[in-house]
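Subject: Structure for your review

Hello,

Here is the structure you were to receive, with the sequence alongside. Please open it before reading on.

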Amino acid sequence: MVNDIFKKVVNRMGPLGEHADDAHGYFTFPKLEGPIGPRMMFNGKMKLNWSLNNYLGLANHPEVMKADADAAAQFGMAYPMGARMMSGNSNYHEQLERDLADFIGKPDVILLNFGYQGVVSAIDALVDRHDIIVYDAESHACIIDGMRLHIGKRFMYQHNNIESLEKQLTHATKLAEKTGGGIMVITEGVFGMSGSQGKLKEVVALKEKFNFRLFVDDAHGFGTMGKTGAGTGEEQNCMDGIDVYFSTFAKSMAGIGAFIGSTPEVIKYLRYNMRSQIYAKALPMPLTIGSIKRLELIRTRPELKDNLWKIVNALQNGLREAGFNIGITTTPVTPVLLNGTIPEATHMTFDLRENFDIFCSIVVYPVVPKGVIMLRLIPTAVHTLEDVEETINAFKAIKHKLDSGQYRQEKLATAKP
Ligand SMILES: Cc1ncc(COP(=O)(O)O)c(C=O)c1O
């Protein structure tokens, strides 16, 4: 008997989709309205918002808004038409690539239309059936999906565990000697859920013992980490050991697009072999010219990163002093780890949003282990110390209610807007 695909999918909505009827529009797919910033409208009321990766506050920076608008007025959204290889290249795209390469200290850069498909496609282009990928167990979905296209072997090492990486590199080396292939290690600069940094310097040091190339996804580190904001490689003083450096414009740059920095030869290879770029339209001008402006601000306004870190330190120190478990973050990503069921998580979040007017992301199983509730805060340069104080006080109140069982209910909170 041949099954009906539609029947199968609608009966099996998945671990998040199974809550859709209760959660949609409130816990999932919420609408944050008004200008992007620490105070936004949600469900008809102003909330203090900690849920956006607008780390440097560039989303609404007047110079950024003007650059985007001027580019849209001059070029519209369509130009340039076609993929860059065929008809969609421009001087602005090439300028942005040069500016990015100078900033991160790599000889060359290729622009990507989106980070997710860019990582998938870069992995696909770089490795073949003889090559072996060794990757961190907590890698972002785009890395995992890139590996789905890989028909050679892969080895997973325990998250940020150098001993485990060494073990997997030993297996990979033995295998590569047989296949005649190479080895690519893939990890992240900043892990976006826990806020921990990839141990890049220690991974790079393993090059003394093993022969491999290192691919780093630094989506959360670019703009936030390192002396100049050039990312986690700069922070750990090992940028030269990162062979393929990736970041997205979706976070500190508050835009759309992404890029990879590497040697001129590898970038040339990617330009002519990355299917996601060869067969897809180039970034439109407002995103390209707008990104040139954003990068200029990151380069020339160190106060943006200083402000971010002032808020990060106040928030993380304040939460720790108040007795909260914020894990092992050493970056702006601030997880607050609590214990409770999924229904408790929804009732607590509802209370936090409706009665304390604070909006942050809520993360539950399967993203974190069963029984853990993670409230994830993303501080930005445009938050204030008063915002931090208000939030810590609210968190103390909801933790007390959680621990004393006040959110204990069987059913999820249903909050239809
Ligand atoms: C670690 C990481 N890599 C890649 C991406 C994907 O980037 P984009 O949003 O540009 O597709 C994200 C999320 O934005 C991310 O957090």
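Predicted model: local features only at pLDDT ≥ 70, side-chain atom pairs only at ≥ 80, totals over all residues.

Strand E4

Strand E4 covers residues 108-112, and four of its five residues are buried, so the rest of the structure largely encloses it. Its partner is strand E10 (residues 258-262), and the two run antiparallel with five bridges between them. Within this pairing, Leu112 sits opposite Ala258 of E10.

Helix H8

The buried residues in H8 are Leu165, Gln168, Leu169, Ala172 and Ala176. Because they span an arc of only 110 degrees around the axis, they lie on the same side of H8. These buried residues pack against strands E5 (132-136), E6 (154-157) and E7 (183-188), and against helix H9 (200-205). On the face turned away from the buried side, H8 carries the exposed residues Glu163, Lys174, Glu177 and Lys178. Just after the helix comes Gly180, with a positive phi of about 80 degrees.

The ligand

The ligand is surrounded by 13 residues, of which the closest are Gly115, Tyr116, Ala219, Thr248 and Ala250. Helix H6 (residues 115-126) contributes the most to this shell, with three residues. Sorted by class, the shell has seven nonpolar residues, four polar and two charged.

Regards

Conventions:
Residues numbered from 1 in each chain as written. Buried ≥ 20, exposed ≤ 12 C-beta atoms within 10 Å, placed from the backbone. Pairing = 2+ DSSP bridges. Arc of directions from axis to C-beta. Contact = placed C-beta atoms within 7 Å. Near = placed C-beta within 6 Å. Nonpolar A, V, L, I, M, F, W, Y, C, P; charged D, E, K, R; others polar.
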